[in-house]
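Trainee: I would like to go through this model with you, beginning with the terms. Could we start with the charged pairs?

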Amino acid sequence: MRPLLRDPATLLPSLAAAAPHLHLLRALHAHLLLSGRLATPSHLAAFVASLVSSSHIDYARLVLPGRPATLLAHNAFIRALARGPSPGLAFAAFRGLPLPPDNYSLNFLVRAATALAASAAAERPVPVPVPAEVGARLLAVSAHGAAVRRGHAADPHVQSGVVSMYAALGDVAAARAAFAEIACPDVVCSTAMVGALAAGGEVDAARVLFDGMPLRDHVAWNAMISGYVHVGRGALDHGKWVHWYMRSHGMRLSLSVTLGTALVDMYSKCGAVATAMEVFESMGERNVYTWTSAVSGLAMNGMGLECLELFERMENAGIQPNGVTFVAVLRGCSMAGLVEEGQACFDSIKKKHGMDPWLEHYGCMVDLYGRAGRLDDAINFINDMPVEPHEGVWGALLNASRIHNNVELGKYALDKLLEMESENDAAHVLLSNTYAESQNWKGVSRVRGMMKNKGVKKVPGWSAIEVDGKVHEFFVGGKSHPRYKEIEMMLAEMSRRLKLEGYAANTKEVLVDIEEEEKEGAISLHSEKLALAFGLIALPEGVEIRIVKNLRVCRDCHDYTKLLSKVFDREIIMRDRNRFHHFKDGKCSCKDYW
């Protein structure tokens, strides 16, 4: 028995091997007892942590009560649970402490709450409250309360942990309050606050804090990049600055999985998909989130075939896709009309990868069938779903009804959708558009009446464009921009040159029964046209024009922008609420399939 392990901290391989054989585990334990090593508090703590890390949690519980009740070992137990796959177990261990907790106990408890919050956020594909998130919030509040009650809320490590905890929950106000109580926040705490502000959309405040940090690690850079991505209003210049700064300050070698993934995500969400893929291909190490960000980037930019090819590479590389990956692949298939490929992907979720499809996956399939005009297949798919159809399913069917001008199906889908979301403005507008395209003005009026009775207001459309680091916003019909006179002159010039090329306004989606000339005037001041005019006068020739919209681009603006890209010889990248459109030489990357 002499040549056995020298330190309990090195037990992990042996403990993992002994997992199915309890007698081997007991033999290891006996040796440590007989050698006297477990009489040392630090060795006992290391042994307990090793047991938990190798999934021997029940055995670790048995070891603790039989030994002198040292807080060090119990804290090691809590910390190991907090780091493990089930951090919620740390709370039961904390409640079972035989001694009053110290600052380390509270620090590890807060870490457990942070891990739960981060896990809940990662598993939530849509921004709606779910039980996991609610539970994580309650445990986070209880952890903070325990620190206050036990007199350890002012401990620097606990304070930093509390900021990170609220940041993971997305509670910017609580994170601010906790951060304000810290006299000298360290880099971890400041980074957590930067992340909380950025994720909450307060990127300017995040940048001020970020610029004031004496030291910035890769996590801080990732938080700042993610913040610019989160805002999503054409902030490509900001993202490029971050990337340039990293490279110019020797951070190329630290382009870790975290930073690389953030850059791939940022460039993809700014429509710079070629640059995103350059970063992706340059990375020496990638995880499932990196691959998923790249797959998603190709999908949202309408590159369905490339999306499928990258997904195949991902599988061949031995990376197990997650639910978000499949959402991205299915959306890529839907955007490109790849019905059979999408069907095969959906079937593989359960058959090949052993996962239960998410509600979002079902919604993607309805969208896939619907966009392709296979409305019967979409309806049959809904009827065969093993779960109750949710808002995403009915919304996809409603959108398909608009695309293929099926008024009756659209009304049916809207009724189902409104049973769940009675104040969904986008749904009402979709049906209104369907009625308008078929010249059914009574239908348009009826939907408007429904909206008025329910107090539902249509969200005003806006478009944003970035010029010289400043984001300019335009609203439909807006005339408040300081350069509006120039914009107005450019609009006239755009109209003149496009009409010479045969452009005729598509007024079918105008929601009021007015004269054709009035309709043309109404759509001529859509927000994206104002942004396009400003881009043409404010950006040098040859520079691509990048526009972000909050709503789906209408048919007229889509046709208008296609022709504009040819007549003015400008590449135009437009992101609407659903996808990116890359306009060049009179063509769009969506191939008019959107």
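Mentor: A salt bridge is a side-chain nitrogen of Lys or Arg within 4 Å of a carboxyl oxygen of Asp or Glu. By that criterion, the side chains of Lys-350 and Asp-356 meet in a salt bridge, at 2.6 Å from N to O. This is a predicted model, in which local features need pLDDT of at least 70, side-chain atom pairs count only at pLDDT 80 or more, and totals for chains, interfaces and linings use all residues. Residues are numbered from 1 along each chain as its sequence is written, and side-chain values use heavy atoms, with hydrogens and water left out.

Trainee: Is Asp-356 buried or exposed?

Mentor: Asp-356 is exposed, with a relative accessible area of 52%. The classes are buried for under 20% relative accessible area, exposed for over 50%, and partly exposed in between, with a 1.4 Å probe and protein chains only.

Trainee: How many salt bridges does the structure hold?

Mentor: It holds 18 salt bridges. One of them joins Glu-202 to Arg-176, with the closest N and O atoms 2.3 Å apart. Glu-202 lies in the loop between α11 (187–199) and α12 (203–211), while Arg-176 belongs to helix α10 (residues 172–180), so the pair ties together parts that are 26 residues apart in sequence. Glu-202 is partly exposed at 30% relative accessibility, and Arg-176 is partly exposed at 39%.

Trainee: Where do Asp-367 and Arg-371 lie?

Mentor: Both are in helix α21 (residues 359–371), 4 residues apart, which is about one turn of the helix. Asp-367 and Arg-371 are both buried.

Trainee: Changing topic: how many helices and strands does the chain have?

Mentor: The chain has 30 helices and 6 strands. Helices (H or I, at least four residues) and strands (E, at least two) are DSSP runs, numbered from the N terminus.

Trainee: In what order do the strands form the sheet?

Mentor: The 6 strands form an open sheet in the order β2-β1-β3-β4-β5-β6, with mixed pairing. β2 (470–475) and β6 (587–588) stand at the edges with a single partner strand each, so one side of each is left without a neighbour in the sheet. Two strands pair if DSSP finds at least two bridges between them. Strand β1 (residues 462–467) pairs with β2 in the antiparallel sense over 6 bridges, and Ala-464 stands opposite Glu-473 in β2.

Trainee: Which strands does helix α29 touch?

Mentor: Helix α29 (residues 527–538) packs on the sheet and touches β1, β2, β3 (545–549) and β4 (572–575). Its direction makes about 15 degrees with that of β1. Contact means heavy atoms within 4.5 Å; axes are lines fitted to C-alpha atoms, for helices over the stretch in contact, and angles run from 0 to 180 degrees between N-to-C directions.

Trainee: And Tyr-503, where does that lie?

Mentor: Tyr-503 lies in the loop between α27 (484–500) and α28 (516–523). It is buried, with a relative accessible area of 14%. Leaving aside neighbours within four places in sequence, Tyr-503 is in contact with Leu-498, Lys-529, Asp-556, Tyr-560 and Leu-563. Tyr-503 and Asp-559 are 56 residues apart in sequence, yet 8.4 Å apart in space, C-alpha to C-alpha.

Trainee: What about the backbone: what is the phi of Asp-569?

Mentor: Phi of Asp-569 is near 50 degrees, a positive value in a residue other than glycine. Asp-569 sits in the loop between α30 (555–567) and β4, and is exposed at 59% relative accessible area. Lys-591 also is not a glycine and has a positive phi of about 55 degrees. Lys-591 is in the segment after β6 and is exposed at 69% relative accessibility.

Trainee: Where does UniProt place the "repeat: PPR" feature?

Mentor: The unreviewed UniProt entry places it at residues 217–253 and 287–321. UniProt positions are given in the numbering used here, feature names are shortened, and annotations may be inferred rather than shown by experiment. In the model, residues 287–321 are 74% helix and 0% strand, with the end C-alpha atoms 10 Å apart.

Trainee: Finally, how much of the chain is buried?

Mentor: Buried residues make up 49% of the 594 residues in the chain. Among contacts between residues at least 6 apart in sequence, 64% join residues at least 24 apart.
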